[in-house]
Amino acid sequence: MGPDEISPQVLRELADVIARLLSIIFERSWRTGEVPEDWRKASVTLVFKKGRKEDPGNYRPVSLTSIPAKMMEQLILGVINKHVEEKKVIGSGQHGFTKEKSCLTNLIAFCDGMTSWVDGGRAVDVVYLDFSKAFDTVSHNILISKLRKCGLDEWTVRWVDNCPNGRARRVVIRGTESGWRPVASGVPQGVSAWSGLIQHIHQ
């Protein structure tokens, strides 16, 4: 659960009752560009990965946000995905964040290209880059500019633009909560997927 303490199980069990109400909230939020305050908050908790539990480096921080906010973000992502597919603004070489492609298809395409070059007697050099904390440092202005350049409707662009404004988070460990602190950088959880997608739109 996120800071609003609305359980996914409750939403599922009451789906017949609240679906219409949520759709009204989603529609109004999209048309006005206003993002509810509860959707801008996140509780950060730690998830154990592996190794010694005494080592803080073996934990990954996870932001828990409002379930309705995540649902809205998925709807917005669907709109963006549909638009970029129809307009063919992402090249065929893009594998991450694209339907029916993955790290595996990327690796296969890469190996196929390298093998054909080596078989043809060509020299091959490979340089790998790992952008640490890439999504934490996405330029919001560039993201919005790219959305507009690819012709996305202004309602969706405005919603994405307003989404990070006024964000706050707190740390929750074993039921103990810190105070709320404003978020000064990075992008919301759902926007990470948009960022990964939009970074590959042709200029």
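**The whole protein**

Select everything first, bearing in mind that this is a predicted model. The protein holds 7 helices and 5 strands. Followed from the N terminus, their order is α-α-β-β-α-α-α-α-β-β-β-α.

Next, display the surface. Its accessible area is about 13600 Å², and carbon and sulfur atoms account for 55% of this. Of the 203 residues in the protein, 33% are buried. If contacts between residues at least 6 apart in sequence are considered, 63% of them join residues at least 24 apart.

**Colouring by confidence**

Colour the chain by pLDDT. The mean for the protein is 83, and 86% of the residues reach 70 or more. Which helix has the lowest confidence, and which the highest? Select residues 189-198 to see helix α7, where confidence is lowest, at a mean of 53. Then select residues 15-32, helix α2, where confidence is highest, at 93.

**A pair of packed helices**

Two packed helices are described by the angle between their axes and by the distance between those axes. Select residues 140-149, which form helix α5, together with residues 154-162, which form helix α6. The two helices pack at an angle of about 175°, and their axes are 10 Å apart. Helix α5 is therefore roughly antiparallel to α6, since an angle over 145 degrees is counted in that way.

Now show the side chains at this contact. From α5, select H140, L143, I144, L147 and R148; they meet E154, V157, V160 and D161 of α6. The residues of this contact comprise 5 nonpolar, 1 polar and 3 charged.

**Two residues with positive phi**

Move to the segment before α1 (8-13) and select E5, which is located there. Although E5 is not a glycine, its phi is positive, at about 60°. Is E5 buried or exposed? With a relative accessibility of 57%, E5 counts as exposed, because the exposed class covers values over 50%.

Finally, select R174. Where does R174 lie? R174 is in the loop between β3 (168-173) and β4 (176-177). R174 is not a glycine either, yet it has a positive phi, of about 50°. The relative accessible area of R174 is 87%, so this residue is likewise exposed.

Definitions and conventions:
Residues are numbered from 1 along each chain as its sequence is written. This is a predicted model: local features need pLDDT of at least 70, side-chain atom pairs count only at pLDDT 80 or more; totals for chains, interfaces and linings use all residues. Side-chain values use heavy atoms; hydrogens and water are left out. Helices (H or I, at least four residues) and strands (E, at least two) are DSSP runs, numbered from the N terminus. Buried means under 20% relative accessible area, exposed over 50%, partly exposed in between (1.4 Å probe, protein chains only). Contact means heavy atoms within 4.5 Å. Accessible areas come from the Shrake-Rupley method with a 1.4 Å probe; for residues, only the protein chains shown count as cover. Axes are lines fitted to C-alpha atoms, for helices over the stretch in contact, and angles run from 0 to 180 degrees between N-to-C directions. Angles under 35 degrees count as roughly parallel, over 145 as roughly antiparallel, 65 to 115 as roughly perpendicular and the rest as oblique. Ala, Val, Leu, Ile, Met, Phe, Trp, Tyr, Cys and Pro count as nonpolar, Asp, Glu, Lys and Arg as charged, and the others, Gly among them, as polar. pLDDT is the predictor's confidence in each residue, from 0 to 100.
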